[in-house]
Each structure stands twice: as structure tokens, then as C-alpha cells.
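I opened my notebook for a first walk through this structure. Here is what I looked up, entry by entry.

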Amino acid sequence: MEVRIIIGGEAGQGIQTIANIMSKFFLRLGYYVFTEQSYQSRIRGGHNFTQIRVSSKPVYSIDDGVDILIALNEETINLHSNELSERGVIIYDNELIKSIEVTDRFLGVPLQKTAVEKTQSKVAINSVACGVLVGLLDSDLALLESLIREQFKDPEVGEKNIQAVKAGYEFGKTRNDFPFKVPFLENNTRLLIDGGSAVGFGAIVAGCRFLSAYPMTPGTAVMNYLAGHSKKYNIVVEQAEDEISAINMVLGASFAGVRSMVTTSGGGFALMVEGLSLAGMTETPCVIHIGQRPGPATGLPTRTEQGELLFVINAGHGEFPRYVTAPRDPRDAFYKTVKAFNLADKYQIPSIILTDQFLIDSMVTIEGLNLNEVKIERYIEVNPDKNYKRHLITESGISPRALPGTDGILVITDSDEHDEEGHITEDLEIRKKMVEKRLRKGTLLREEVEEPLYSGVQDPDIILVGWGSTYGPIKESVDRLMEEGFEIGFLHFSDVYPLPCRQLEMYRDKRFVAVEGNATGQLAQLIRRETGIDISDKILKYNGRPFTPSEIVREVKRIWM
Amino acid sequence: MDVSIYNNNQVPAWCPGCGNFSILRCMKQALAELDIPPDKLLMVSGIGQAAKAPHYFRCNLFNGLHGRDISVAVGAKIANKELLVIAESGDGNTYGEGGNHFIHNIRRNVNIKVFVHNNQIYGLTKGQASPTSDLGMKTKVQVDGVISPPFNPGAVAIALNASFVARSFSGDPEHLVSMMKSAINHNGFALLDILQPCVTFNRINTFQWYKQRVYKLDDTYDPTNRVMAFEKALEWGDRIPIGIIYINERPTYEEQLPQLRGEPLYRIPITGVDYSDILKEFR
């Protein structure tokens, strides 16, 4: 069983509320859900839509096509009716939208009028629409009612909305011939989580207690998440005057002993780059979350892209090690965020979590997170030697890290080249040793990165290569191609820098196809740089929208021919 | 505490006769008189000749980027409020490159101290105008003289409701020590602007130039009067007031955040925390 729902309308009409309630509704019935948002850079108006894909089998992505289109404005009908599946239906407000040509594919419901009748407020359009959906799908009205009660803290408002839901439900029931039914499926303990919350939750569990950021879509989601939990878990979230300040505040807090992070997007990270280099030089751990969106410059602020890989691995003047991870889904994002904090502390380096708007804003059902698996190791010397030297040259390159304020020692560091104590030096012998010491940490770091995840047949003719959030759509496309008999495989990189190369070397004689959400194939370029493997076949998308499995299937077949 | 506890073996890279030497001596003196042990002091500095100062006495030190020291200092103080955190740099660093951080951290009012060596010129880059250079000063870059009026740190700070604004002069060590102590003892963001000659590049604002002009605010001056404080901050030319110009007791950042009222943030355990409430949000 699979049903695809699109809710479209203007910003401010409550599309997201419907999507949130209905996604939880399907989760609790026992279904797998993938919910993706497409929105414009504005507060009101425009055209926004959310797609909910519901299935009795795991889903990793949105896909083409729609079975139920909920149109809160006429534009939604104009833009999406051509995507309607054979047995699909369009729900629209027949009191407000009069100028369209109605066929039996349309279900007219006076959404706004019903909302006002039941609650004296247009806002309750969401509740009416949820009711219509549940009626149309012949599903569990009582579950929807309990979700509505959870949603509204004021019981009186909640009750009014339940009346709105019930009225909507009756409208939905009038289409009892609708072929898609969503009955209760199974009890489950799965979670519904978006990438932004997953990074935020991972950070909290990792012990991040200071976040400084300047608001920038889509990175802001992580700042909002930590702020929402700040009082209960003793987290200080400070909105900085600019990104330069954000990263410098974080380095100060980290130097003084608190796990700290910034969150931003490509443009904000560009402003932080000098601070990144400072983290490298002073060997101060920090975690940088970058939610990618299309550039250059301001680009498409609310859309998605994988355009910052090469920027991020090369950012910063001077040479110093860093860890870069690009989680494949919210579950991975949770664990990789914890790993980013642990590696930052272990190697005293910047760790970068590279997500994008698609990952941050999409909600997906995942198997429960195991918090017992999370190990936190700070690598801080509580009783350091009396002759403590912050930048002691060691075989591993890692100097013992103590905190300022520790009795009897001084902790000194400098953005200038420095001696072991941390004082400015122009001794060129020491300079050489310090460069080598810092880079030795990078050699060890190579052993920490996770090899790409392989799925597919044992001896593939073609291997798709991807990284980060495109995992879901590529995975689904590969599964479908395998079902059709294609001898295909898929290598997905989550840790991207230092680039793990063992599997690439193992498959080096195969034909690779890079599938990336950018215009130049940045992972392919990195692979060539690190291994010499030249990937000439590429499937690239850079219009601001995420890949769908169907389009990857089409493109792979085109390349195969 | 004996001043010698702050001595280290670093050799200053300053020009002979530089006002920085006096400021360094005063710094050690003030800290010794306040009994602040070096291991409980965190100095943060940026880039420039002034920003090297904390290398020349015993303290914890984060010598960061040009203009960004106040941000680092604020982050460190949030992490460990038990440290005395002082940001020390020059006029170009603090009022030029770091201007935005200067402005917004006055608003934030984290309990850190900002000591600015203000010699009205860029020294380390060899003699360009600084944000506080007087109009008309000729340099290798400002060949016909400075045409933009100077940045007035005191007036800007008072306009932003700074909690403590003071000015002193490197040529009056006794006064400077007392201003440093007052700034350190103040609960909140404290700005101390320290007038200082640059013997190599600033041929206008010399030791004699300052010596003839500075005068101390006396007991009749009320630093809590904002209008009077503006007047004193704007006074520049034949007579230049030094002393505590403005005090505005207001809640610090730390006092306003419940997360920071108890144990220092860095000591609050991050393991063994129960997160089951958060997991429920995802159902």
C-alpha cells in the first residue's frame, strides 16, 4: 500500500500544520512516512507545498506523482493537477475556487466556511482538511481527534477544532469509492524525525551546551531546536551579531571547556572561514553545521543543493586537518553529530556536519534511536603536569588538552605560529615542527572515517556514487532497477573528508556514475583527486529541488543505453 | 599578592619607549593588588602591537584573530564564569575590525573587561590612520590627511547603555592602575580606553600632547548621570577628561539566563542525562 499526498497553498495557510499532524497520524497507525517541504523565501503568499508519502514498506524519499492533492489555492491545482495519478483526487475549497473546470476527480469541500462555522476562525482550515483526508482514506477518526487534542494546549480551542475535524471527516466519507484505504497497520516504536531536529538532538545528547549562530535558512532549524530545549538541558543559545562573532564565541566557549557549535548555510560559513582556520591553528575543537542551499551568493534561500562540498573541505587559509561528514538521513545525522563532537575533542580540530535543506526539512520514520550507543569522551586532562604545555609536540600530534582555570597551570594559545607553551614564535624550526604536528592528527583521522555504504548486486556493471542527503532517492532507484534485472550497485558516502578510499579502490575497475545535487560533480572531483579514478558519467541536479527515485531510474537507463 | 608572580621570560617585541610598557606594568600591578592568581585569569587578545601584551605576563591566554577577541572572551566567560576574562587589544582591532562585536557586546553586558590601548594609529602595519585618528592626520595612506571624523568609543558606549566606561592615560600609572581595578571590580561589561602615545608613527598625539591635555574627573563628577557622561565623552581637544565617565548598573547577561545562574556551564555534567522526554516528541 502506498499513497502520495500533496498539500499546496500560500505561505501562512497552515500547510505545515496539516503535514505535521497527518505525518504523525500515519506513523502511529504503523506506516512509513516521508514528508518533504517546498517553500519560497517569503512569510506570506507565494506557492508552497508539502508532499507526504505513506507506505506499508520503508520509504526513503519523495517521488513523482500524487494520489490526493489538497489545494488550498487555485495555483496548487494549476501546478500539480498534471501529476495526479490514475485514481487520484483533488480536494479543493469549492466556495473560494470557482473558476476551475470540475470533473469527477475533484472533491469540493467548503474548507474555509466550515472552519469559520465550527471555530470562528479561518485558521482551522487545517483541521477541516485533516478530517477530509481521514474520511477519504476511511481511517481512524479517534486517533486524529487525540492528535488534535495534543496539538492544542487550550482544551476549548482543541474541542472546537475537533468539531472542524468531524465536519471534514463527513465530507471525506462522501467519497466511499476512493480506492486508497489506510487502516491501522501495526503497533510500532518508530520515530518521526526531520534532519534539523536530528542534528539538534544529536548535539544535545553529545553534550553541546553552547550554540552561537546568526539566523540563516536552512541552518536556523538547529538553532531553533537547541533554543527550544535550552532551559531544561542547560544550553546557552546566543544569537550573534554576525557569523564571524558566532564562530569566535564558540571557539572561546570551547577553549574554556564547553562543547560548542555553530549552525549556518554556505554564505554564513563563508564569513566564518577565518575562524575555521583559527580553530585549526589554536587546535580548539568546534562543530560547524552547514545546511546547504543553492548558491552562489544568496542563491535560492529556501531550496536545496549539494554545492558546498569542495568549498567546505578546502575552506580556510593554511593547512590543517578537519573532519567533514554528510549524513544520509536523519538517523545518520543524529549519530554523525555525536561523532563530530567526539572527533573534534579527540583531535582538537573543527568538525563539519554538511546537510542541506532537503535533509533538514524532511521528516521520515526511523527505527528508534539507541541512546545507550552514544559514548561521550572529552579527552581533557583534569590533573595536568605542572610543566603543562598546551601545544606539546607528541608522536600522534595530539597535545594534552587542559582548560584555563585549572590550578597551577596556564593554558596559552595563539593564532600566530607558536611554541609548545603557546607563545608567539618566529623560530622557523619550531614552525616546521608545529605544521607537521598538526598534520599528523590528520593522518590518524583517516582511520576514523566510515567507509561508504554499499548496496546492490555482488558484481555490478555500474555503480552509482552519491553522498549526503541523496541517499534516499538513489537507494530507492537502485532497488527498483535491481527488481528490473539491472546489475547495479550503489556506494554512498556519509563521511566525506578525509575521503574513505578502500571500497573505491576495491571497485576501481567498475564503471561509476556520480549522482549529485550540484552542477559540477564535486564528489567525483574529490574522488579523482584522492584516488585518480575518473568518473565521467554524471547525473546532476541543480534546480533547487531534490532528486526523486523515478528521475534517477530514467537517467540511469539513459546512460545504460 | 606580589607583582613578580606575573613575570615570565617572554621578551616584548615593542619599540623602546612605547606606551605599552607602562600599560603592561600597570596591568600586573592592578592584578596583584586585587590578588588575582594568574591561573584564574584568562586574557583574550586580537592582533596588533597592543594585542601581544598578554604574552608578556603570566596568565591563561587566547590570542586570536584581528578584531574578534571580544567574541572569544564572551564565549569563554559564558563557559566558565569563574574566570576573570579580560580582552586587551588596540584601537584598530577593537574599534575598526571588531566594531560590530564592540557594539553588540556592550548591549549583551557579559561580565568581561575590555582594555583598549588607544594610540590613534596603526603600529604593526606601520603607520596608517586608525578609527580614532584625529582629522587631518597625514599618513602614507591618508596622504592629504584623515578626512573622516574619529570614532568616539566612550560616546558610542554610553549611547548603547554601556554598564561601565572609563578612560585613562598610559603616562599616569597610578590613575591607570586605579581605573583597571575599578573596571575589574565592576559587575558587567567594562570598557577602559587607554590613551597611549605611539613613539614611532604618531607624531601628533605625543606623550607631551596628552600630558598637557588630560585632566582627572574629580569627586564632584557623577558618573551615573548619562547626559553629563555624554558631555565628558565628547570633550576632546584642549582638555581631555580621564576617569570613570559612565556607570550604569544593569543586570549582566549571566544574571539573566537561568542556565548560567548555578554551576559554571563547563562543570555541569553532560553524561548520565535522561533524554527520554525528547524521544517522546518524535512520536
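Which residues in α9(A) meet which residues in α2(B)? I found Ser245(A), Asn248(A), Met249(A), Val250(A), Leu251(A), Gly252(A), Ala253(A) and Phe255(A) on one side, and Ser71(B), Val72(B), Ala73(B), Val74(B), Gly75(B), Ala76(B), Ile78(B) and Ala79(B) on the other. I took two residues as in contact if their C-beta atoms, placed from the backbone, lie within 7 Å.

**Ground rules.** I am reading a predicted model, where local features need pLDDT of at least 70 and side-chain atom pairs count only at pLDDT 80 or more, while totals for chains, interfaces and linings use all residues. Residues are numbered from 1 along each chain as its sequence is written, and chains are lettered from A and ligands numbered from 1 in the order in which they are written. Helices (H or I, at least four residues) and strands (E, at least two) are DSSP runs, numbered from the N terminus.

I sorted the contact of α9(A) with α2(B) by class and got 11 nonpolar, five polar and no charged residues. Ala, Val, Leu, Ile, Met, Phe, Trp, Tyr, Cys and Pro count as nonpolar, Asp, Glu, Lys and Arg as charged, and the others, Gly among them, as polar. The axes of α9(A), residues 243-255, and α2(B) come within 6 Å and cross at roughly 40°. Axes are lines fitted to C-alpha atoms, for helices over the stretch in contact, with angles from 0 to 180 degrees between N-to-C directions.

**The whole contact.** I see 52 residues of chain A and 45 residues of chain B taking part. On the side of chain B, α2(B) gives the most, with eight residues. By class, that side has 25 nonpolar, 13 polar and seven charged residues.

Next I followed an open sheet of nine strands, in the order β15(A)-β2(B)-β1(B)-β3(B)-β4(B)-β6(B)-β5(B)-β8(B)-β7(B), with mixed pairing. Its edge strands are β15 (412-414) of chain A and β7 (214-216) of chain B, each pairing on one side only. Two strands pair if DSSP finds at least two bridges between them.

Where do the chains join in this sheet? I found β15(A) and β2(B) pairing in the parallel sense over three bridges, and Asp414(A) stands opposite Asn63(B) in β2(B).

**Back to α2(B).** Helix α2 (residues 69-79) of chain B also lies across β1, β2, β3 and β4 of chain B, running at about 175° to β3(B).
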